[in-house]
Amino acid sequence: MPFKLSSTMKPAGDQPQAIAKLTQNLNSGVAKQTLLGVTGSGKTFTIANVIQKTQLPTLIISHNKTLAAQLYQEFKELFPNNKVSYFVSYYDYYQPEAYLPASDTYIAKEVEINDLIDKLRLEATSNLFSGNDNIVIASVSCIYNIGDPREFGGKTLTLKIGDLWNRRQLFEELVALFYLRSEMEFKRAQFRVRGESIEIWPSYADWIIVLEFDPEGKISKITERNPFSGHEFDLKTYQLFPAKQYVGASGSNLKEIIAKIKADCDFEVKKFEDKNQILEAHRLRQRVDYDMEMLQEVGYVNGIENYSIYFESGRKSGDPPYTLIDYFSHLWGKDFLTIIDESHVTIPQIGGMSGGDSARKKTLIDYGFRLSSAYDNRPLNWDEFYSRIPKAIYLSATPANFEVQDSKNNIIEQIIRPTGLIDPPIQVRPSKNQIPDLIEEIKKRVIKKERTLVVTLTKKMSEELATYLADPKKTGVPFKVAYLHSDIETLERTEILDKLRSGDFDVLVGINLLREGLDLPEVSLVTILDAGNQGFLRSRSSLIQIMGRASRHLNGQVILYADNVSDAMDQAIKEVNRRRKIQIKYNQDHHITPKTISKNIRPRLIEANVKNLVVTPLLEIDPAFLTPNQRKSHISKLKKEMRTYATDLDFESAIRLRDKIKEIELL
C-alpha cells in the first residue's frame with residue numbers, strides 16, 4: 001500500500017518550505033541535498049512528509065543504535081500502516097579476532113548476539129521483498145556483508161491453500177530455509193508437527209504459521225496465530241522467508257568449496273615456506289585443516305565469515321560485499337531514497353570502517369592466522385557506498401564541508417521551530433568553583449522538576465562526577481544521578497534516557513553520547529565542563545549539538561565552564577545567536593508564544609534493569625569475599641568494562657578482563 005502519514009500535526013514554521021524544496025529537488029532529479037535543521041525544528045516530521053509525497057522506499061542511516069531506535073519508534077508512529085524496520089548490529093558484545101605481534105597475543109573472536117535485534121534484522125530484509133512501502137532505519141552496520149539479495153529472495157517458500165505437499169518434501173524445503181525441527185522447546189526459526197498440522201515459527205515474526213492438511217495431503221487451512229494470546233487470523237497464502245540472511249552456502253557444492261579452500265591454503269603456505277616463515281606456514285595449515293574438518297562434519301565453523309567469498313556465486317575476490325543497500329538497488333534500481341541522519345558524524349564513520357577492518361585483517365593474514373580470503377569479508381569502502389546511494393538527503397544541524405560541497409546549492413535551512421522555541425541563551429562561567437556552582441544550578445532545576453545534562457571530557461571524569469553528585473553528604477541534596485557512556489549496553493541507554501525523562505533521574509552525566517539527536521524535552525539545563533579545550537569533543541559542531549539538547553524546553557539554558565573562549569566556542573555562540581534572532585523575529589511577526597515540546601515516552605524496544613549510579617573500582621574487589629549474588633553482579637560489571645576496552649580496540653586490556661572473569665566463574 002502507498003505511504004500514508006498518520007499524524008495530528010501539520011507542517012509549520014520552516015517545515016512547509018523545506019518539504020516543498022526537498023520534494024521538488026527529488027522530482028527534478030537532484031541527486032544530493034542537505035537539510036540543515038536545528039534541534040527541535042522537526043526534521044523527522046519533514047522527512048516523513050517528503051517520503052509520503054515522493055512515495056520512495058527509504059533507507060535511513062544513523063550513526064549509533066540509540067538514535068536509530070529513537071527514529072524507528074518515531075517512524076513507526078508516523079507510518080502505522082506501512083513497513084518500518086530496524087536494522088542494526090545484533091551484537092550486544094563483539095570482540096573481533098585479532099593478533100598483537102608486540103606481545104604475541106592472539107585474541108579469539110567472542111560475540112553475544114541479541115535475539116530481539118536478530119529478529120528485527122530478519123524482519124527488515126523480509127519486509128523489503130513484501131512491497132514498496134518500506135522504511136528501514138539502520139546503523140552503519142548496513143554497509144557490512146549479509147549475502148546476495150537475489151539468493152535471499154530466491155529462497156522463499158510460497159504456501160497456498162489447495163497446494164499438494166508430500167510431508168517429507170515440505171520438511172526438506174523448510175530445512176533448506178534453515179528452519180530446524182523441534183518437538184520440545186518451540187521458538188523462532190523452528191517448525192514442529194502436531195497431528196495433521198505443521199506449525200512454523202518464522203525467524204522474523206512474533207506470530208506462528210499453522211498449516212492444516214486434508215487426507216490427500218493438500219493444505220486446507222493456513223492460520224496466523226499468536227503463540228501467547230492464542231489470537232488467530234485465517235490466510236489464503238503465506239510467503240515464508242529464510243531463517244538467515246546469509247543463504248549463499250545452502251545450494252553450494254561443499255566438497256568443491258573445501259577443495260578450493262585447501263588449494264588456496266597450499267598456495268599461501270608455500271609462500272610462507274619460500275620466505276622461511278615456518279611458524280606462520282604451520283599455523284595457517286593447522287587452522288585451515290581444522291576449519292575444513294569442522295565444516296565437513298557439522299556444516300559450520302566459528303569464523304566461517306572469513307571464507308564467505310567461496311560461498312558467494314558471482315562475486316570475485318576484491319569485489320564489494322552484498323549489503324542491505326543492495327537489497328534496495330536489487331528491488332528498485334535507483335528509485336529509492338537514502339537519508340543520512342546526523343551526516344557530519346555518520347559520513348566520517350562510514351568512511352573509516354573499511355580502513356580499520358583491513359588493518360586488523362592484514363595482521364591476521366601476515367602472521368598466518370587467516371587466509372587472504374578474510375579480506376573479502378569486509379564493509380563497503382566510501383567510494384563503493386557513495387556509488388550505491390543515487391538519491392540522498394544529508395540531515396544535520398551542523399553539516400560538514402563535504403555535505404555542503406556535495407549538495408552544491410541545494411542546502412535547505414530549517415531554523416524556525418513550529419513551537420516557537422528559541423535556542424537557549426548561553427552563559428560562559430569560569431572553571432574555578434564550577435562544581436559548587438553546578439550543584440546550585442541543578443538544585444534550581446530539581447525544585448522545578450526539570451532535568452539537567454552535564455557533559456565532561458572523559459569517561460573517568462563522568463563516573464567520578466556522577467558519584468560525587470549522587471552523594472548527599474557532599475551536595476547536601478540527594479540528587480538522582482546516572483551516567484551515560486560507551487560501556488552502557490546499547491538498549492540500556494534508551495532505558496536510561498527514558499528514566500531521565502520520567503523523573504527517575506534528575507541529572508545525566510556523559511561525554512560524547514549526549515549530542516546528536518537525543519530528544520529530551522524535559523531537559524532545561526545543559527552544562528559543558530572544560531568547554532574551552534580545543535579538539536573533537538569541543539569543536540564548533542560538537543558544542544552546537546550539545547547545546548541543542550536544551551532547545552526543546554521553554555526555560556532552556558546553557559552554561560559553558562571555561563577560563564578562555566576558544567575559537568570553537570566563539571563560532572558556536574555566534575551561530576546559536578544568529579539562529580535565536582531568526583526565531584525571535586518570526587515569533588514577533590506571527591504573534592507566536594513559545595511553548596515547551598510535549599512528547600509521550602514511547603514503549604521501549606526491550607526492557608532493561610537500570611538502577612541509580614554505583615561506581616566501584618573493579619580491580620580493588622576481592623571476589624573471594626563476595627556472596628554468589630554479589631559475584632554475579634561483579635562479573636556483569638567486569639564484562640561491561642571488557643566491552644568498553646574491546647570497543648576502544650584495547651584488546652590487551654579486554655583479554656585480561658576476560659581471563660579474570662573466567663577465573664571468578666571457577667570459584
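The following dialogue examines selected features of a predicted model.

Tutor: In this predicted model, local features need pLDDT of at least 70, side-chain atom pairs count only at pLDDT 80 or more, and totals for chains, interfaces and linings use all residues. Residues are numbered from 1 along each chain as its sequence is written, and side-chain values use heavy atoms, with hydrogens and water left out.

Student: How many salt bridges does the structure hold?

Tutor: A salt bridge is a side-chain nitrogen of Lys or Arg within 4 Å of a carboxyl oxygen of Asp or Glu. Under this criterion, the number of salt bridges in the structure is 42.

Student: How many residues apart in sequence are the parts that Glu-305 and Lys-109 tie together?

Tutor: Glu-305 forms a salt bridge with Lys-109, and their closest N and O atoms are 2.9 Å apart. Glu-305 lies in the loop between α8 (278–298) and α9 (308–311), while Lys-109 lies in the loop between β6 (105–107) and β7, so the separation in sequence of the parts tied together is 196 residues.

Student: Is Asp-326 buried or exposed?

Tutor: Asp-326 forms a salt bridge with Arg-388, with the closest N and O atoms 3.6 Å apart. Buried means under 20% relative accessible area, exposed means over 50%, and partly exposed lies in between (1.4 Å probe, protein chains only). Because its relative accessible area is 11%, Asp-326 is buried.

Student: Which helix contains both Asp-274 and Lys-270?

Tutor: The two residues form a salt bridge, the closest N and O atoms being 3.0 Å apart. Asp-274 is exposed, at 55% relative accessibility, and Lys-270 is partly exposed, at 45%. Because they are four residues apart in the helix, they are separated by about one helical turn, and the helix is α7 (residues 254–274).

Student: What is the distance between the end C-alpha atoms of helix α11?

Tutor: Helices are DSSP runs (H or I, at least four residues) and strands are DSSP runs (E, at least two), numbered from the N terminus. The expected span of a helix is 1.5 Å times one less than its number of residues. The 24 residues of α11 (residues 343–366) should therefore span 34 Å, and this agrees with the distance between the end C-alpha atoms, 35 Å.

Student: Where does α11 bend?

Tutor: The bend at a residue is the angle between axes fitted to the seven residues ending there and the seven starting there. Buried residues of α11 include Ile-350 and Ser-354. The bend is about 30 degrees, and its position is Gly-352.

Student: Which strands stand at the edges of the open sheet of six strands?

Tutor: The order of the sheet is β10-β11-β12-β13-β14-β15, with mixed pairing. Each edge strand has a single partner, so one side of each is left without a neighbour in the sheet; these strands are β10 (180–181) and β15 (232–235).

Student: In which sense do β11 and β12 pair?

Tutor: Two strands pair if DSSP finds at least two bridges between them. Strand β11 (residues 190–194) and strand β12 (residues 197–201) have five bridges. The bridge partner of Arg-194 is Ser-197 in β12, and the sense of the pairing is antiparallel.

Student: Is Val-111 buried or partly exposed?

Tutor: Val-111 lies in strand β7 (residues 110–113). Because its relative accessibility is 35%, Val-111 counts as partly exposed.
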